[in-house]
Amino acid sequence: STMKFAAALLALFGSAAAFAPASSTKKSTSLNFSVDTIPGALPPVGLFDPLGFAEKADEATLKRYREAELTHGRVAMLAVVGFLVGEKVEGSSFLFDAQISGPAITHLAQVPPVFWALLTIAIGAAEQKRATIGWVEPENVPVAKPGLLRDTYIPGDLGFDPLGLKPSDADELFALQTKELQNGRLAMLAAAGFLAQELVDGKGILEHLQG
C-alpha cells in the first residue's frame, strides 16, 4: 500500500516533467513577453492555443494569462498532494485528534471553525503579498488596463526560493519554468479528476488505487 502510494505520487509529478525540453534558445524576460518567447511550448505542438487567446492578447494580457495559469497550477499541485496525503494519514494524524475521515473532498467540512479562520488569514496574506510584488498600484493603473502587472515583473517570480533551486543559467531556468508549467497543467487535470471521481462514487482516491 505504501509502495503504491509512493508510486502514484512519483508518477504524477514525474510524468509531465519528462516531456519538458532540455533547453531552448527562446527566453522570456520582462521586456519581451510574447507567444514566441514564453516557456511552456513543447514540440511538436508548440504553444497549445486552439482558441487563439494568446495570439489575440497584447503583452500585458498575456502576462496576466500566464500569471493565472501558474497560480492555478501551483494550487492544483498542492491540492493533489493534499488529496493523497490527507487520505493516506486518515485516522492516524496528530491533527484534529485523527477524527478526519472519508474521501478528501469531505475533509474540509470536518475541520473546526478556527481552522477556517487561520486558512482565510493565510490565503489573504499570501494574496496581498503577491499583489504587492506583481501588480501596479490601482491608483496608477489606466482605466483601460485593469489588473496591470508591473513591467519588471515576470509572471510567477515572487522571489520565494527557500531551497535555492532557481538556476542562474538562462537555459536551465527556461527549462525549469516549462517543467513547472507542465506539472501544474497535469495537476489541474488530476485535481479535477480526483474531485469528479470522489463525487461520483464517494470513495477516496487511494481506495481506488489500492482496490
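**View 1. Proline 146, out on the exposed side.** Proline 146 has a relative accessibility of 54%, so it counts as exposed. This is a predicted model, and here proline 146 sits in the loop that runs between H4 and H5. Leave out residues up to four places away in sequence, and proline 146 touches Arg64 and Val141. Have a look at threonine 61 too: 85 residues separate it from proline 146 along the chain, yet their C-alpha atoms are 9.8 Å apart.

View 2. Now for another loop, the one between helix H3 (59-88) and helix H4 (113-134), which is where histidine 107 is found. Is histidine 107 buried or exposed? Its relative accessibility is 12%, so histidine 107 counts as buried. Which residues does it contact, once neighbours within four places in sequence are set aside? They are Gly86, Glu87, Glu90, Ile100, Ser101 and Gly102.

View 3. The backbone oxygen of glycine 102 is 2.8 Å from the side chain of histidine 107. There's also the backbone oxygen of proline 103, with a polar atom of the histidine 107 side chain 3.5 Å away.

**View 4. The largest nonpolar core.** This core is made of 12 residues: Ala76, Met77, Val80, Phe83, Leu84, Ala104, Ala187, Ala190, Ala191, Phe194, Ile205 and Leu206. Two or more of its residues come from each of H3, helix H5 (170-201) and helix H6 (205-210). H3 is the top contributor, giving five residues. In soluble globular proteins, nonpolar side chains tend to be buried together.

View 5. Across the protein chain, pLDDT averages 84, and 84% of the residues score at least 70. Residues 1-8 are another story: their pLDDT is below 50, and the model gives this stretch 10 contacts beyond near neighbours in sequence. Residues 10-30 also stay under 50 in pLDDT, with 46 contacts beyond four places in sequence. Where pLDDT is low, the predicted coordinates should not be read in detail.

Conventions. Residues are numbered from 1 along each chain as its sequence is written. This is a predicted model: local features need pLDDT of at least 70, side-chain atom pairs count only at pLDDT 80 or more; totals for chains, interfaces and linings use all residues. Side-chain values use heavy atoms; hydrogens and water are left out. pLDDT is the predictor's confidence in each residue, from 0 to 100. Contact means heavy atoms within 4.5 Å. Helices (H or I, at least four residues) and strands (E, at least two) are DSSP runs, numbered from the N terminus. Buried means under 20% relative accessible area, exposed over 50%, partly exposed in between (1.4 Å probe, protein chains only). A polar contact is a pair of N or O atoms within 3.5 Å; within protein, one must be able to donate a hydrogen and the other to accept it, and residues adjacent in sequence count only if both atoms are side-chain atoms. A nonpolar core is a set of buried Ala, Val, Leu, Ile, Met, Phe, Trp, Tyr and Cys residues joined through side-chain atoms within 4.5 Å.
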